[in-house]
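Me: I'd like to learn how to read a fold from its coordinates. Could you walk me through one?

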Amino acid sequence: MSSLQAAIEAGQVQGKLALYFGCWDRAGHYLHRPGGRTIYDAQREAPGFPWSDGLMDTGLLKNGQRPDVYDGKVFWTCGGLSFWYAFYWWDHSVDRRGGSNSGFYVRGFGWPEAPLAFDYACSQFPQVVARQKHSLVLQDPENERAERRWKEQTARLSALNPPAETHKTRRGDFKR
C-alpha cells in the first residue's frame with residue numbers, strides 16, 4: 001500500500017470533518033468547527049491536522065506567491081498522515097485589512113476528490129460562503145502551473161527583446 005493510500009484510509013477511518021480558519025463574526029483569525037466553536041489546539045481536537053496557524057494565516061497563500069486580491073479564487077493543496085485538503089483564499093468580507101484570508105480544511109475524502117471535499121466544506125459553513133462578495137471558485141492547479149510557466153517564459157523573452165521606446169506626440173505614439 002502506498003503512503004498516499006495509507007493517509008487516505010487513515011483520514012476516512014477518522015471520518016469526514018470540515019474546519020474553517022478565518023474571521024467568524026469579527027476581526028481575529030481562528031480555527032472553527034461547524035457552528036462556530038473556536039478550536040484553540042488543532043492537534044488535540046483533530047489529531048494529525050497537518051497545518052500550523054502560521055501556514056493557515058496567509059502562509060499557504062504567500063508560499064504560493066498569490067497576490068492579496070479578494071476575487072473569490074480558491075487555491076488548494078493536500079497532505080498529512082491522515083489525508084486532509086486545504087482550500088484557502090483572500091477574504092476581506094469581515095476583516096477588510098490587507099492580508100486577511102480564510103480557509104476550509106477537510107478530512108475524510110480520497111484522491112482526487114478536491115471538488116467533493118470543497119463542496120462538503122461549503123455545506124458545513126454556509127454563512128462563510130454567503131458573506132463573500134465574490135463567488136468562491138476552486139482553481140485548477142494544472143492550469144495555474146501552465147499559466148505561471150507561460151508568464152515566466154514571457155518575462156524571460158521580454159528581457160531578451162525589450163520593446164522599442166515610444167514617445168508621445170500630438171498625433172499619437174511613434175517608435176524610434
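Reply: Happy to; we will go from the whole chain to the sheet, then to the cores and a few single residues. Keep in mind that this is a predicted model.

Me: Let's begin with the overview. How many helices and strands are there in the chain?

Reply: The chain has 6 helices and 9 strands. Of its 176 residues, 38% count as buried. Among contacts with a separation of 6 or more, 60% link residues 24 or more positions apart. The chain exposes about 10500 Å², and carbon and sulfur atoms supply 52% of that area.

Me: How do I read the sheet? In what order do the strands of the open sheet come?

Reply: The general idea first: strands of a sheet pair through backbone hydrogen bonds, either parallel or antiparallel. Here 7 strands make an open sheet, ordered β3-β2-β1-β6-β5-β4-β7, with mixed pairing. β3 (38–39) and β7 are at the edges with a single partner strand each, so one side of each has no neighbour in the sheet.

Me: Which strands does β6 pair with, and in what sense?

Reply: β1 and β6 run antiparallel and are joined by 5 bridges; Leu 19 has Tyr 105 of β6 as its bridge partner. β5 also pairs with β6 in the antiparallel sense, over 7 bridges, and there Tyr 85 has Val 106 as its bridge partner.

Me: Is β6 largely enclosed or left open by the rest of the structure?

Reply: Buried means under 20% relative accessible area. In β6, 7 of the 7 residues are buried, so the strand is largely enclosed by the rest of the structure. Asn 101, Gly 103, Tyr 105 and Arg 107 point one way, Ser 102, Phe 104 and Val 106 the other way, and all are buried.

Me: Now the packing. Which residues touch the most other members of the largest nonpolar core?

Reply: That core has 21 residues, and Tyr 85, Phe 87, Phe 104, Val 106 and Phe 118 touch the most other members. The elements giving two or more residues to this core are α1 (3–14), β1 (17–22), β4 (73–79), β5 (84–90), β6 (101–107) and α4 (114–124). The largest share, 5 residues, comes from α4. This helix lies across β1, β4, β5, β6 and β7, at about 115° to β6. Leaving aside residues up to four places away in sequence, Phe 87 touches, among others, Phe 104, Val 106, Ala 117 and Phe 118. There is also a second, separate core of 18 residues, which includes Ile 39, Leu 60, Phe 75 and Trp 84.

Me: Can we try single residues? Is His 32 buried or exposed?

Reply: His 32 has a relative accessible area of 2%, so it counts as buried. This residue lies in strand β2 (residues 30–32), and a polar atom of its side chain lies 3.3 Å from the backbone oxygen of Tyr 30. Beyond four places in sequence, His 32 touches residues including Leu 19, Trp 24, Ile 39 and Phe 125. As for the strand itself, 2 bridges join β2 to β3 in an antiparallel arrangement, with Leu 31 opposite Ile 39.

Terms used:
Residues numbered from 1 in each chain as written. Predicted model: local features only at pLDDT ≥ 70, side-chain atom pairs only at ≥ 80, totals over all residues. Heavy atoms only, no water. Core = buried A, V, L, I, M, F, W, Y, C linked by side-chain atoms within 4.5 Å. Buried < 20%, exposed > 50% of the residue type's maximum accessible area, 1.4 Å probe, protein only. Helix = DSSP H or I, 4+ residues; strand = E, 2+ residues; numbered from the N terminus. Contact = heavy atoms within 4.5 Å. Polar contact = N/O pair within 3.5 Å; in protein donor to acceptor, adjacent residues only side chain to side chain. Pairing = 2+ DSSP bridges. Axes fitted to C-alpha atoms, helices over the stretch in contact; angles between N-to-C directions. Areas by Shrake-Rupley, 256 points an atom, 1.4 Å probe, with all protein chains shown as cover.
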